[in-house]
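The following note concerns selected local features of the model shown below. It is arranged as numbered points for discussion.

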Amino acid sequence: MNILIEGIDILTADPTSEYKRNADIGIINGIISFITPSGRIPPEFKADKKLSGLKKLAMPGLVNAHTHCGMTAMRNSADDLSLQKWLFERIFPIEEKMTDEDVYWSTLLGAAEMIRSGTTAFADMYLHMDHAAEAVCETGLRANLSRSPIDFHNDGGLKAVDAFDKCRDYFRNWNGNAEDKIKVYVEVHSTYLMDIESLKKAADLAAELRTGIHIHLLETASERKDSLEKYGKSPVEICKDTGIFNVPVIGAHLVHVSGDDINILGAAGVNAIHNPTSNLKLGSGISPVPALLDAGINVALGTDGVASNNNLNMFEEMHLAALIHKGVAQNPELVTARQAFRMATVNGAKALGFGNDTGMIKVGMKADIILLDIDKPHLHPMNDPHSAVVYSAQGADVHTVIVNGAILMENRELKTIDEEKVKFKVNSISERLFDVL
Ligand SMILES: [Zn+2]
């Protein structure tokens, strides 16, 4: 389908031309084919669909670079607890009860929430991932999905079961699926849930499949302390030594990193995913993002799952990422609006392995574009558009969402998800999981 977005201002995330006013964007077969001053479209172009840019701002879709979409049934159910208590006493026992269907419907609910708040691509690791992938295909979103080569069962203690072949099959079944919108990485939950031999095998598997790894890294102080006590090494050093860093890596959290860790992360080209809300809510700490940026590390943003957030709204992450480092260091020049915007768009696309095709509004890129309704009191006057998007805009300002040239939401109406049905299903799932009568 050919789409024409007419007469719109664009925040591009393209450093060569960051802001364009009153332009037309032409999309042919999912690709941004031209961006011209309004009214000067190529004469041969015929639009199947026209979208008005009046009182709108176009920007690249947001990228949620670390989440667990299948957890949405656990929203608002395990709050104000330490990570250890939260994970081992609350989350793991509930996950034991979760079924394929639960993850399917929960993923659809998370997708509806993400589309409504302007996310066009996300990186997910969770359980029952075949059913997460089925749901993602229906929604039209772009996703980096990962499956663990080890299954864990909470059988009076955590039991690990080999699932390397299942992981291989998952890659073969889903990588490149849905018009190449799905990319499959290997999930390594963390260095504390897998032994050294399994970490090495997981690294070998990712290398064999020529893909990457999605891992939680240095989320808490105790993760660092326990690792040093057990191995004499930080989790980052373990990843380096086991070959995890020999492939592209999505490294979530990176809160308790040392200077040596940062050097290793920089040299290995690890993508650092900053999850400010989740880290604050679980009392984990605050990632030293300014130091990561200074080391040239690609920093992107994620919401984490709703059990530790409690939403999937990337506008909140962008906002918080631009605020907390200023407060911590008492330095208002740290993490600018422009940097936070880039973390949520182009850096996220790069972290997910989609960076050559998406993350900017630029000719030749795939059309993952959102339109914000800027005719709102809190967006008048606009002045600096980066500031407006990061400090003033809300997820609910997202008016239209396009992924790969397909319209997933128009004028706040979802096109691919039956939202009422999904909400009803997930509410019933939550009642069953929590035995609420
Ligand atoms: Zn997580």
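1. Two residues are taken to be in contact if their C-beta atoms, placed from the backbone, lie within 7 Å. Helices (H or I, at least four residues) and strands (E, at least two) are DSSP runs, numbered from the N terminus. The model is predicted: local features need pLDDT of at least 70, side-chain atom pairs count only at pLDDT 80 or more, and totals for chains, interfaces and linings use all residues. Residue numbers start from 1 along each chain as its sequence is written.

2. Helix H12 (residues 314-329) meets helix H13 (residues 337-344) through Met-314, Glu-317, Met-318, Ala-321 and Ala-322 on the H12 side and Ala-337, Ala-340, Phe-341, Met-343 and Ala-344 on the H13 side. By class, this contact has nine nonpolar residues, no polar ones and one charged residue (Ala, Val, Leu, Ile, Met, Phe, Trp, Tyr, Cys and Pro count as nonpolar, Asp, Glu, Lys and Arg as charged, and the others, Gly among them, as polar).

3. The axes of H12 and H13 come within 9 Å and cross at roughly 140 degrees; axes are lines fitted to C-alpha atoms, for helices over the stretch in contact, and angles run from 0 to 180 degrees between N-to-C directions. The two helices are therefore oblique to each other (under 35 degrees counts as roughly parallel, over 145 as roughly antiparallel, 65 to 115 as roughly perpendicular and the rest as oblique).

4. In helix H9 (residues 259-268), the buried residues are Asp-261, Ile-262 and Leu-265. Viewed down the axis of H9, they fall within an arc of 100 degrees, so they line one face of the helix; the arc is that of the directions from the helix axis to the C-beta atoms. A residue is buried if 20 or more other C-beta atoms lie within 10 Å of its own, exposed if 12 or fewer, and partly exposed in between. The buried residues of H9 pack against helix H8 (235-242), strand S14 (271-274) and helix H11 (289-294). Gly-259, Asp-260 and Ala-267 are exposed on the face turned away from the buried side.

5. One runs from Asn-309 to Asn-310, with omega near 15 degrees, and Asn-310 is in the loop between strand S15 (299-301) and H12. Another joins His-380 and Pro-381, with omega about -15 degrees.

6. Asn-29, although not a glycine, has a positive phi of about 45 degrees. Asn-29 is exposed, with 11 other C-beta atoms within 10 Å.
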